[in-house]
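Please open the model in your viewer and keep the selection tool at hand. The tour below moves from one selection to the next and says what can be found at each stop.

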Amino acid sequence: MAFESLSDKLQDVFKKLKSKGKLTEKDVNAALREVKLALLEADVNFKVVKSFIDKIKQRAVGHDVLESLTPGQQVIKIVHEELIDLMGSTQSKLTFSNNPPTVYMMVGLQGAGKTTTSGKLGGQIKKMGKKPLLVACDVYRPAAIKQLQVVGSQVGIPVFSIEDSKQPVEIAKAALQYAKDNRNDIVIIDTAGRLHIDEKLMDELEEIKSVVKPQEILLVVDAMTGQDAVNVAESFNEKLGIDGVILTKLDGDTRGGAALSVRSVTQKPIKYVGLGEKLEDLQPFYPDRMASRILG
Ligand code: GDP
């Protein structure tokens, strides 16, 4: 599970802090140096680490903390609060359009988990009492339509596709009409991924975006790729504009660098996390719960 090693290291630092009783500025600085190393080893973006540590330092070395009865506890509390802040403070929920159908456009690189996550998300939205439609706009990978049909049938959600079309924009347009005709109030569009970000992919996504006017563009990234995931998020956000991130494969990510960096680098929230291959393994992202888990 994510954060194991980070969590262990932070607990060690905090144990030392708590055992000290009175703290000097030097003690706090030494502890923060260890926190910094632990975060860097967890593959957190170095700029993010720097500003995070600076903020804590500003709050922790003042008179109020050092002269308090439990300075160690105060420092830990500050780290906890700043961790929550780093991950976006509060849960960021999906928004719905006032003028249905609400369209969510799923984007991301190949293998990140887009198709699986489209199905998982559809399943969760269906449980809210809505009537989602999945749309297969990945026309390049021959197995992609079939894969979406399989996850769609597992969660009991219809899948719109046009088998022999190579025109994702046309498919998306037809899907919107289909949704209106069939009273689907949510449309989840699974777009094509590539191995790397390229101009052609971005042009295609831009075109789909202009036609379907999505309520949200959700970027799916693989947590196990660490800072690469953060760079991908930054690029997609600059080129296409995204509304939120879904971080997959957190179950296999032992470090946690992407989860801790994405929000700060892109200013866009993590909305959901993927915690396994099964369709129920998608959970809303709660910064406070995640921070508590990291601090143990
Ligand atoms: P796409 O190319 O972006 O559409 O990616 P897929 O949806 O085909 O997913 C690629 C692989 O990642 C599949 O084997 C999925 O089962 C797996 N996967 C997706 N999300 C998760 C997750 O949260 N945890 C784990 N362990 N595997 C996942």
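In the classes used for linings, Ala, Val, Leu, Ile, Met, Phe, Trp, Tyr, Cys and Pro count as nonpolar, Asp, Glu, Lys and Arg as charged, and the others, Gly among them, as polar. What is shown is a predicted model, in which local features need pLDDT of at least 70 and side-chain atom pairs count only at pLDDT 80 or more, while totals for chains, interfaces and linings use all residues. Residues are numbered from 1 along each chain as its sequence is written, and side-chain values use heavy atoms, with hydrogens and water left out.

A cartoon will show 12 helices and 8 strands, taken as DSSP runs (helices are H or I of at least four residues, strands E of at least two) and numbered from the N terminus. Of the 296 residues in the chain, 52% are buried, where buried means under 20% relative accessible area, exposed over 50% and partly exposed in between, with a 1.4 Å probe and protein chains only.

Next, select G111, A112, G113, T116, T117, K120, T248, K249, D251, G276 and E277, which line the largest pocket. A pocket here is an open set of points on a 1 Å grid over the protein atoms alone, where a 1.4 Å probe fits, with protein on both sides within 12 Å along at least five of seven lines, and lining residues have an atom within 4 Å of a point. The space in this pocket is about 210 Å³, the volume being that filled by probe spheres set on the points, which are joined across faces, edges and corners. Its lining divides into 1 nonpolar, 6 polar and 4 charged residues, and helix 6 gives the most to it, with 3 residues.

Stay on helix 6 (residues 114–127) and pick T115. Is this residue buried or exposed? T115 counts as buried because its relative accessibility is 5%. Leaving aside residues up to four places away in sequence, T115 touches R141, Q147, L148, V151 and D190, a contact meaning heavy atoms within 4.5 Å.

Now colour the aromatic side chains: a search of the whole structure finds 2 aromatic pairs. The F96 and Y104 rings have centres 6.5 Å apart and planes at 65°, so this pair is edge-to-face; rings of Phe, Tyr and Trp (its six-membered ring) pair if their centres lie within 6.5 Å, and planes under 30 degrees apart count as stacked, over 60 as edge-to-face and the rest as tilted. F96 is partly exposed at 31% relative accessible area, whereas Y104 is buried at 0% relative accessibility. F160 and Y178 form a tilted pair, 5.3 Å centre to centre with 55° between the planes. This pair links distant parts of the chain, with F160 in strand 3 (residues 159–160) and Y178 in helix 8 (residues 168–181), 18 residues apart. F160 is buried at 12% relative accessibility, while Y178 is partly exposed with a relative accessible area of 33%.

Finally, move to the loop between helix 8 and strand 4 (186–191) and select D185, which is partly exposed at 22% relative accessibility. D185 touches P100, P101, T102, K130, K131 and P132, not counting residues up to four places away in sequence.
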